Amino acid sequence: MFNIAAKTKEMLVLILTIGIILLGLVNTNERLNQKPIPDDGVLWVDTSEGIKADLVRTGSAADRAGIVRDDLLRWVSFDEGKNYYKIESTRDIFFILDEKVLPEGSITYTIERKIAGEIGLWDADLNKIESEPSRLPLQIYLAIVGSIFLLVGLYVLAKQNGAPYVMHFYIICLLSFTSYCLSMSGSFSTADKIVFLADTSAFLLLAPLLFHFCLNFPFRRKLVTEKQWLISLVYIPSLILIFFRFIIMFGSQYNMALLSWEHWIKKIETLHFTIFLLVSSALLLITFLQTRASILRQQLKWIVWGLSLNAIPFAIFYAYPYLLGKEISPLQQAFATGASILLPISFGYSIVRYRLMDVDIILRRSMTYVLATVSVVVIFMLGVVKAGQWVHELVPSISQNATVALQVAVMSLAAMLFAPIKNWLQERVDRLFFGERYDNRHGIADFGRTLSSTTEMTELLSSLANRLGEMLYVNQLAIFIEEETSNKFRLAYSANLPIDPVLSSEIIKLALDSKYNRRYVLAEQVPGLEDSNRRLLDYYVPCYLRDRLIAIIGLGKTIEGSILTSEDIELVKSLSGYVAVAIENSLLYRSEKEKAFALAKLKDFSENIIESVNVGLLSIDKEGFITNWNRTLEELLAIRRSDALGSSVEEIFDKDLITTIHNATGNFSWQLDSTHNIYHYKTTSRNGRELVFNLSLSPLETKDARLSGTLILLEDITERVRLEEQLRATDKLSSIGLLAAGVAHEVNTPLTGISSYTQMLLAQTPSIDPKHLVLEKIKRQTHRASEIVNNLLNFSRTGNVEFAELDIHRVLDDTIQLLEPQLRNTQIKLERAYGEALPSTIGNATKLQQVFMNLLINARDAMPQGGTLSIHTQYRDGAILIEIQDTGVGIAPENIAKIYDPFFTTKGVGQGTGLGLAVSYGIIQEHKGRIFVESKPGQGTQFQIKLPASTRLQLAGD
């Protein structure tokens with residue numbers, strides 16, 4: 001379908017070309033037969049005020065009569081003032097000058113002029129009106145330029161049909177031919193109007209089409225590929241101007257006011273063409289400056305020169321004065337159009353010279369296709385025209401349908417014969433051109449294709465041997481290749497030999513000898529050569545590469561048993577250098593392949609190391625763009641490798657880390673000269689995980705010790721920091737425990753005395769006595785102090801505790817039952833979600849009950865307005881997890897690290913001792929467990945206790 005559309009487009013373009021050429025011939029005939037037209041020397045334009053003089057040529061009849069710019073022409077008399085005719089449009093002037101005035105004749109114009117603010121009419125007598133200056137030399141020159149454009153376009157279309165930009169370039173050439181060659185003759189005939197519209201349309205479309213070509217040539221710019229719809233906008237001004245030209249051409253017959261547009265339309269057309277021409281030149285100049293390919297630069301150099309020498313003079317000497325309403329002298333017009341011929345020549349030269357178009361090949365292929373086409377046409381004519389007659393003469397009674405079927409069969413046969421006839425004729429034409437050289441050229445061409453067909457040594461030698469055997473009619477041959485580690489030669493390939501031949505040292509010596517250098521060795525001339533080898537191979541041809549012996553080709557006699565001719569030997573000698581190059585390339589290819597394989601293995605090994613290390617690793621270049629990002633870092637920061645690679649490190653890391661790095665290195669670039677470390681940096685990954693890590697920044701160097709960027713290592717120490725904090729808390733609790741034990745024992749003795757004496761006094765004091773109330777307060781405070789001392793003793797007691805196997809769910813239920821009275825009158829909703837088949841644990845029920853009670857009481861106190869208290873249990877990773885979560889006020893971030901400190905509490909005075917969580921922490925540590933806390937102010941707190949499951953039960957379960 002695509003080929004049909006392409007052929008249709010080519011056919012339409014060729015039909016259009018033929019039509020334009022025929023139109024050009026008609027136009028040329030009219031211009032050659034046109035009589036001289038009188039010229040008054042004024043450029044009249046249609047305006048809303050009337051027919052105004054826009055330009056008056058110096059020395060013309062109008063200039064001599066006193067007509068100046070901006071004068072209005074109202075009446076005309078061409079019979080010495082007897083009759084005056086009113087002028088409606090510029091067409092009337094052209095008609096009167098063409099039909100009523102003879103060269104060297106006279107005419108009277110009634111001119112309206114405004115002088116000192118007043119309008120006056122006066123008659124200007126134009127005498128001795130000259131003929132319009134002949135434009136024939138300029139028209140011939142422009143026709144030559146246009147013809148060159150067309151010839152170059154046809155040449156490229158015929159030679160490079162189907163290649164990129166060819167059809168686009170040909171349309172430019174065709175429009176250039178139309179614009180340069182067609183011009184109105186002034187007859188205003190139908191053909192003349194068609195010429196005017198074709199010339200104007202080609203002129204308006206040529207500049208945007210050239211701009212479009214420069215956007216695509218020699219490679220498409222990003223704007224063209226991504227936003228192709230923008231290109232269509234380039235042609236909109238041209239189409240609008242062409243539309244107005246049609247309106248003025250055909251609409252002015254009914255509305256003369258339309259002619260007043262023509263003057264401004266011409267100026268807009270000139271400005272439009274000039275802008276596009278200059279921009280196109282600038283685009284090609286930018287492309288030339290950015291191109292590095294030498295052949296393309298040479299090609300663009302001539303095109304840029306040719307286009308620039310057209311665009312710049314046209315803009316300076318024609319467009320600029322014309323747009324300002326100034327007179328354009330013949331010298332200016334010569335400067336503006338004089339370099340036009342350079343444009344098609346530069347395009348043609350660059351295409352022919354640097355696209356390597358071989359005229360010899362074109363001639364041969366053209367001859368082939370002409371002969372093949374003629375042959376097929378002859379067969380076609382015989383089949384279609386004569387076949388029917390012959391059939392009717394042989395079988396008069398045959399039907400018309402059978403005759404048509406036979407003719408279709410002959411036509412199909414002719415179509416199928418085209419390709420074999422063309423190939424047969426191609427061979428005959430090549431033989432005609434090259435004569436005896438054809439076979440050699442054909443063989444050498446096949447030999448060259450053989451050398452370039454493969455780089456694998458085995459396949460290469462096999463192909464070489466087969467091709468040499470076919471060329472020389474030799475079936476016994478061998479190829480010896482130099483060993484890399486010594487000057488010896490090994491047998492690399494042999495064909496049709498009963499045994500493997502051995503290359504003697506004498507042959508190698510003769511091949512290396514300067515007398516035999518680049519020659520061949522006859523086996524019968526080698527002294528001491530074994531008879532077996534003499535029978536096997538008769539000729540040895542060395543293959544040299546830059547004075548180095550690469551290989552030796554051994555050849556036997558021909559298939560008929562005859563010796564090789566001198567021409568055969570010379571042919572092998574001439575090809576031996578190419579064989580040496582091919583073998584050397586194959587060896588180099590194999591070596592490079594092995595090196596590439598080793599390098600790939602080393603690269604994989606290095607990447608495996610980078611991916612396997614348990615620290616995050618990334619490398620950045622000098623500009624701060626990430627070039628490597630390993631898997632550990634991907635998991636640590638929750639940033640995918642694909643998102644990180646190629647991005648700026650400032651985009652990936654947060655601003656605080658970037659600032660910290662620059663402060664640590666004292667350098668705001670990413671090219672370091674020494675190693676820098678950052679310890680215990682706290683941050684949050686993209687998935688919300690809090691991290692603590694150490695950073696190490698080292699200079700990244702190449703093999704030649706040049707700095708190429710920075711290597712950054714991130715070591716995740718979050719868990720280590722947490723363990724260190726727990727260890728410090730344990731050490732602190734141990735120290736405080738020892739202190740608490742001493743304090744408890746010292747305080748407990750006086751408290752016992754105070755409590756005893758207080759109870760004795762209470763027994764002796766009546767209840768109505770005011771001292772009785774005081775003694776009750778002393779008793780209560782003594783009891784409270786005793787509880788604090790007992791808590792201190794529990795906090796410090798680490799040994800002599802009985803452990804047994806227990807059910808954690810039962811411990812939790814007993815604790816909840818004890819606290820039920822305290823939770824009954826609150827608005828707290830208790831939720832329990834116990835895991836099924838939870839194993840038992842080893843511990844002390846009383847101690848664990850104390851832990852759960854402290855956590856539940858704290859949760860109750862954190863929800864004074866009520867909320868939800870959740871208790872969840874599960875078995876995971878060989879441990880029992882107990883989660884106690886509330887929806888209370890939460891714990892401030894700055895207090896999280898202090899909650900296990902003894903005597904730290906956020907409750908009011910008299911509401912807590914600050915020992916509950918400290919004691920609970922010690923109990924969990926005593927049970928070889930772990931306790932964690934997560935809290936967000938205003939959202940609640942969650943405590944997670946991790947206790948080891950019973951080992952005995954685990955083993956039984958296994």
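Leu 25 lies in helix α1, which spans residues 2-32 (helices, H or I of at least four residues, and strands, E of at least two, are DSSP runs numbered from the N terminus). This is a predicted model, in which local features need pLDDT of at least 70 and side-chain atom pairs count only at pLDDT 80 or more, while totals for chains, interfaces and linings use all residues. Residues are numbered from 1 along each chain as its sequence is written, and side-chain values use heavy atoms, with hydrogens and water left out. The briefing covers a surface patch, a pocket, a cavity and salt bridges.

**Surface patch**

- Leu 25 is exposed, at a relative accessible area of 55% (buried means under 20%, exposed over 50%, and partly exposed in between, with a 1.4 Å probe and protein chains only).
- Together with Ile 18, Ile 21 and Leu 22, Leu 25 makes a nonpolar surface patch of about 370 Å² (patch residues have over 30% relative accessible area and no salt bridge, and nonpolar side chains are joined within 5 Å).

**Second largest pocket**

- The volume of the second largest pocket is about 1500 Å³ (on a 1 Å grid over the protein atoms alone, a pocket is an open set of points with protein on both sides within 12 Å along at least five of seven lines, whereas a cavity is a set where a 1.4 Å probe fits but cannot get out; lining residues have an atom within 4 Å of a point).
- Its lining comprises 38 residues, and Glu 690, Arg 722, Ile 896, Val 933 and Glu 934 are those nearest the centre.
- Elements that each supply at least two lining residues include β14 (676-684), β15 (690-701), β22 (930-936) and β23 (940-948).
- Helix α25 gives the largest share of this lining, eight residues.
- By class, the pocket lining has 14 nonpolar, 12 polar and 12 charged residues (Ala, Val, Leu, Ile, Met, Phe, Trp, Tyr, Cys and Pro count as nonpolar, Asp, Glu, Lys and Arg as charged, and the others, Gly among them, as polar).

**Cavity**

- One cavity of 30 Å³ or more is found in a search of the whole structure.
- The largest cavity has a volume of about 30 Å³, and its lining consists of Leu 819, Gln 822, Leu 823, Leu 856, Ile 857 and Arg 860.
- Helices α27 (808-824) and α28 (845-861) each supply at least two residues of that lining.
- The cavity lining divides into four nonpolar residues, one polar and one charged.

**Salt bridges**

- The structure holds 14 salt bridges (a side-chain nitrogen of Lys or Arg within 4 Å of a carboxyl oxygen of Asp or Glu).
- Arg 69 and Asp 54 form one of them, at 3.7 Å from N to O. Arg 69 is in the loop between α2 (61-64) and β3 (72-77) and Asp 54 is in strand β2, so the pair ties together parts 15 residues apart in sequence.
- Arg 69 is partly exposed at 41% relative accessible area, whereas Asp 54 is buried at 10%.
- Arg 548 and Glu 482 meet at 3.4 Å, N to O. This pair links strand β11 (548-555) with strand β7 (477-482), 66 residues apart.
- Glu 482, Arg 548 and Glu 584 are linked in a network of salt bridges.
- Arg 930 and Glu 719 form a salt bridge at 4.0 Å, N to O. Arg 930 lies in strand β22 and Glu 719 in helix α25, so parts 211 residues apart in sequence are tied together.
- Arg 930 is partly exposed at 24% relative accessibility, and Glu 719 is partly exposed at 43%.

Technical notes. Points joined across faces, edges and corners; volume = space filled by probe spheres on them. Patch = residues over 30% accessible without salt bridge, like charges linked within 9 Å, V, L, I, M, F, W, Y side chains within 5 Å. Areas by Shrake-Rupley, 256 points an atom, 1.4 Å probe, with all protein chains shown as cover.
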